[in-house]
Amino acid sequence: MFAAERRQLILEMVRANGAVSLRELARVVQTSEVTVRRDVRALEAEGLLDRRHGGAVLPGGFTRESGFPQKSHLATAEKTAIADLAASLVEEGEAIVVGAGTTTQELARRLARVPGLTVVTNSLLVAQALAHANRVEVVMTGGTLRGSNYALVGSGAEQSLHGLRVSKAFLSGSGLTAERGLSTSNMLSASVDRALVQAAAEVVVLADHTKLGADTMFQTVPTDVINRLVTDEPPAHDDRAGTELQALADQGVQVAVAGTGAGSEGASAGRQRAPLPGPRRGVPGAGGGLRGVLEPSGGGERGRVADLRRR
């Protein structure tokens, strides 16, 4: 495929989806991520798209939010692996809250197999994924339906969470940085996510590598409130994502890295019982099953991702 044809296809994909990872672009145009990254730079120079860590977005992507149909096709392998690892943190009989998002929807599909679980959610998609799980109780918040992501928002959703206490909150968002924590581009969604966090003893953020370093309008969860981050392994060339992960670990966030390559699919990774450092705050029921743990740096040495696959 000639460069002009390749770049036109890349541009059409970004226009159709709002944001696309380099991995997905390389897969569709059948070339290397190095070549795709060069094409994205050229298109950015023409003002046709903006680069983000590990991907490309429409110009002005800082304030825009893709709808569910677009998001559901982005980083699908990464979201699957993240959901597999996150599900290993949930134990029988727990009560948890799960926020809206395509990654949390993937998590919900796996939670259907956890007996005695109670899931509180403002997401119609999460509730739908658990609708036929006989051993899982689903509690919906009130609120006003936000059609772009099938979530209940507003004062009704927030009030229904007052007085609630659960063991863990699983949240996603539009961007994650060590400086501001988790953020989203919608004010109503951010407000409900903050209410979900207030209800939980432990906060677990699910974010694929394309969201690392992205900063959007409304902060939902400050970094010092995030206990754990479950993410996928950034591409080797994505130094900024790796730096962001290290910065998060240095601030006390436990970072678990899911594999998406052949032979290391999230499902198999989730079955490995890897020891975790203790939570920053006293949290009951912290589980194992995390494939790679990024450790805080200390004594002038950088932290490292433990390669648990070789154990």
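Predicted model: local features only at pLDDT ≥ 70, side-chain atom pairs only at ≥ 80, totals over all residues.
Strands pair here if DSSP finds at least two bridges between them.

**Entry 1**

I looked up S2 and strand S3 (residues 55-57) and found three bridges joining them, with the strands running antiparallel. I then picked Arg51 and asked which residue in S3 is its bridge partner. Ala56 is the partner of Arg51.

Next I stepped back to the whole sheet. I have an open sheet of three strands in the order S1-S3-S2, and the pairing is antiparallel. On average, neighbouring strands are turned by 25° against each other, direction ignored.

I followed H2 next. H2 lies across S1 and S3, and its angle to S1 is about 80°.

How far apart are the axes of H2 and H3 where the two pack? I noted 9 Å between the axes, with an angle of about 105°. That makes the two helices, H2 and H3, roughly perpendicular, because angles of 65 to 115 degrees count as such.

I listed the side of H2 in this contact as Leu22, Arg23, Leu25, Ala26 and Val29. On H3 they meet Glu33, Val36, Arg37 and Val40. Sorted by class, the contact of H2 with H3 has six nonpolar residues, three charged ones and no polar ones.

I checked backbone angles and stopped at Gln30, which has a positive phi of about 60° although it is not a glycine. Gln30 sits in the loop between helix H2 (22-29) and helix H3 (33-45). Is Gln30 buried or exposed? Its relative accessible area is 73%, so I put Gln30 down as exposed.

I found another case at Tyr150, a residue other than glycine with a positive phi near 55°. Tyr150 is in the loop between strand S7 (144-146) and strand S8 (151-153). With a relative accessible area of 36%, Tyr150 is partly exposed.

**Entry 1: salt bridges**

Side chains of opposite charge can pair when their charged atoms come close. I counted eleven salt bridges and looked into a few.

Asp39 and Arg6 have a salt bridge between their side chains at 2.4 Å, N to O. This pair links distant parts of the chain, with Asp39 in helix H3 and Arg6 in helix H1 (residues 3-17), 33 residues apart. I have both Asp39 and Arg6 down as buried.

I noted Arg27 as exposed, at a relative accessible area of 55%. Glu24 is buried at 16%, because the cut-off for buried is under 20%.

I went on to Glu106 and Arg109, whose side chains meet in a salt bridge at 2.3 Å, N to O. Both are in helix H6 (residues 102-111), and being three residues apart puts about one helical turn between Glu106 and Arg109. Glu106 counts as buried at 16% relative accessibility, whereas Arg109 is partly exposed at 41%.

How values were computed: Residues numbered from 1 in each chain as written. Heavy atoms only, no water. Helix = DSSP H or I, 4+ residues; strand = E, 2+ residues; numbered from the N terminus. Buried < 20%, exposed > 50% of the residue type's maximum accessible area, 1.4 Å probe, protein only. Axes fitted to C-alpha atoms, helices over the stretch in contact; angles between N-to-C directions. Contact = heavy atoms within 4.5 Å. Parallel < 35°, antiparallel > 145°, perpendicular 65-115°, else oblique. Nonpolar A, V, L, I, M, F, W, Y, C, P; charged D, E, K, R; others polar. Salt bridge = Lys/Arg side-chain N within 4 Å of Asp/Glu carboxyl O.
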